[in-house]
Amino acid sequence: MEALDAFESSGEDASYIAGGQSLVPALALRLQAPQLLIDIAHIETLRGVELQGDWLRIGALTRHCEVLADPLIRTHAPLYSDAAPHVAHPAIRNKGTIGGSISHADPASEFPAMTLALGAELEIANRDGTRRVAADDFFVDLFQTAIEPGELLVAIHVPVVRPGHRWAFHELARRRGDFALVGCGILAEFVDDAVAQIRIAFFAVGSTPIRAQQAEDILIGKRLDQATIAAAQAVAGDDLDPSEDEHVPPAMKRHLARVLLGRLLGQIARQAP
Amino acid sequence: MSDVVNVTMKVNGTDVSHAIAPRNTLADFLRQTLELTGTHTGCEMGVCGACLVVLDGRVVHSCLTFAVQASGSTIETVEGLSERAAIADLQEAFHQRNALQCGFCTPGMLMTAHSLLSQPGVPSREDIRDALSGNYCRCTGYEAIVDAIEMVARKRHDGAAAPQNEEVGA
């Protein structure tokens with residue numbers, strides 16, 4: 001692909017730009033100063049949403065406003081649809097892309113965490129071809145992903161939700177559109193009203209989106225009654241690693257995370273099978 | 001890397017073509033090259049909403065778009081909306097309700113209001129506040145702005161003083 005060659009010939013002092021809604025502020029603040037910007041916004045193969053068997057392929061350039069309105073995403077990867085109204089403000093959603101958000105990997109952003117909750121796979125292109133990385137292996141550290149220099153996120157592949165799946169999303173923010181204090185998305189598979197599989201992904205409580213694995217382990221095989229939910233809440237804070245924050249200290253974030261988990265599990269428990 | 005690149009776009013119905021530095025934002029291009037200073041630059045990092053313009057039918061931050069990226073696009077600024085009377089009722093309502101003091105944020109507020117009211121239905125006050133969450137006003141406290149937009153939303157819905165409706169996305 002021409003864009004990958006352009007990066008190579010830049011001496012690796014380049015950034016890809018899609019919607020630019022995170023990159024351009026970083027440039028304005030001089031947090032980044034690449035010699036070259038490679039505009040990928042017009043690459044057709046990075047667009048579009050398509051059902052491919054049991055997977056939904058979401059092109060990396062799909063804008064937040066398109067995620068919000070897309071019927072295929074609503075049906076097959078609904079956590080993205082539920083999260084989309086909370087992603088920034090309308091004008092940002094008109095230009096920002098889901099691939100940009102996921103590869104930027106802001107730990108307080110909605111889409112990276114929903115990628116983790118949905119168990120999606122990320123298709124990454126390099127000059128040798130493409131490779132797919134599971135969401136669990138993708139988010140490495142603060143703003144760091146499995147994408148190597150020069151590589152490009154091409155598409156998000158989401159295993160489609162099936163009958164028996166239930167899900168819920170919510171975030172706590174001071175104002176609509178602000179970065180969340182704490183947010184969470186849950187995807188659970190039920191068999192005979194008991195949790196067979198569950199993925200609980202929190203955001204804004206660590207250097208990456210984080211799965212609450214101890215809580216997940218408690219819930220597997222159980223019915224979501226009050227005692228079970230309380231047991232999951234009790235351990236939920238242990239998996240999280242919120243940073244020191246003058247306004248929202250880690251203890252408060254852990255508390256809010258437990259509250260949020262309780263609400264979301266309660267919501268899932270009440271969803272009709 | 002060349003020092004200048006040629007950009008061509010339609011701005012407020014007029015085709016324009018200029019050679020500019022690739023690092024120029026659309027906001028700077030509109031204000032400095034085209035002298036359309038109704039688009040304001042406040043934070044220049046996509047937070048305050050003073051620089052909103054309509055780009056190919058969608059409201060976006062002109063400070064977060066490079067002018068070269070907008071080459072080939074159709075742009076409408078607050079001057080364009082104002083001159084073809086698309087927001088005359090909003091302007092009148094802002095005036096009546098005292099929905100501005102210093103006026104710096106007003107072009108962005110009008111862009112957001114125009115976009116919101118171009119969608120079907122009558123937005124609630126909560127919808128209006130949600131839509132305005134990306135527009136900062138440091139004078140008014142927003143109440144009067146919400147009042148003005150709500151007033152126009154109802155008037156347009158009732159069919160009174162309806163201007164031509166635009167196809168503008170969220």
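This is a predicted model: local features need pLDDT of at least 70, side-chain atom pairs count only at pLDDT 80 or more; totals for chains, interfaces and linings use all residues.
A salt bridge is here a side-chain nitrogen of Lys or Arg within 4 Å of a carboxyl oxygen of Asp or Glu. By this rule, the count over all chains comes to 22 salt bridges.

**First stop: a pair in chain A**

Select A:D82 and A:R74. Their side chains meet in a salt bridge, with N and O 3.0 Å apart. A:D82 is partly exposed, at a relative accessible area of 22%. A:R74 also counts as partly exposed, its relative accessibility being 40%.

**Second stop: two helices of chain B**

Move to chain B and select B:E143 together with B:R125. The closest N and O atoms of this salt bridge are 3.0 Å apart. Which parts of chain B does the pair link? B:E143 lies in helix α6 (residues 143–157) and B:R125 in helix α5 (residues 125–131), so that the pair, 18 residues apart, links distant parts of the chain. B:E143 is partly exposed, with a relative accessible area of 42%, and B:R125 counts as partly exposed at 27%.

Remain on helix α6 of chain B and select B:E150 and B:R154. A salt bridge joins their side chains, at 3.1 Å from N to O. Both residues belong to helix α6 of chain B and stand four residues apart, about one turn of the helix. Is B:E150 buried or exposed? B:E150 counts as buried because its relative accessibility is 14%, and buried means under 20%.

Now widen the selection to B:R97, B:R125, B:R129, B:E143, B:D147, B:E150 and B:R154. Salt bridges that share partners join these residues into one network.

Return to chain A and select strand β10, residues 165–172. Six of its eight residues are buried, so the strand is largely enclosed by the rest of the structure.

Display both chains and select the residues in contact: 21 residues of chain B touch 25 residues of chain A. The area buried between the chains is about 1,800 Å², and carbon and sulfur atoms give 59% of it. In chain B, select B:L64, B:Q69 and B:S133; these residues lose the most area to chain A and together make up 30% of what that side buries.

How many salt bridges are counted between chain B and chain A? The count is one. To view a salt bridge between A:R176 and B:D130, select both residues; their side chains meet at 3.4 Å, N to O.

Finally, highlight β4 (58–61) and α5 of chain B, each of which supplies at least two residues of the side that touches chain A. The largest share of that side, four residues, comes from β4(B). The residues of this side of chain B divide into 11 nonpolar, six polar and four charged.

Notes:
Residues are numbered from 1 along each chain as its sequence is written. Chains are lettered from A and ligands numbered from 1 in the order in which they are written. Side-chain values use heavy atoms; hydrogens and water are left out. Buried means under 20% relative accessible area, exposed over 50%, partly exposed in between (1.4 Å probe, protein chains only). Contact means heavy atoms within 4.5 Å. Buried area is the accessible area (1.4 Å probe) that two parts lose on being put together, summed over both. Ala, Val, Leu, Ile, Met, Phe, Trp, Tyr, Cys and Pro count as nonpolar, Asp, Glu, Lys and Arg as charged, and the others, Gly among them, as polar.
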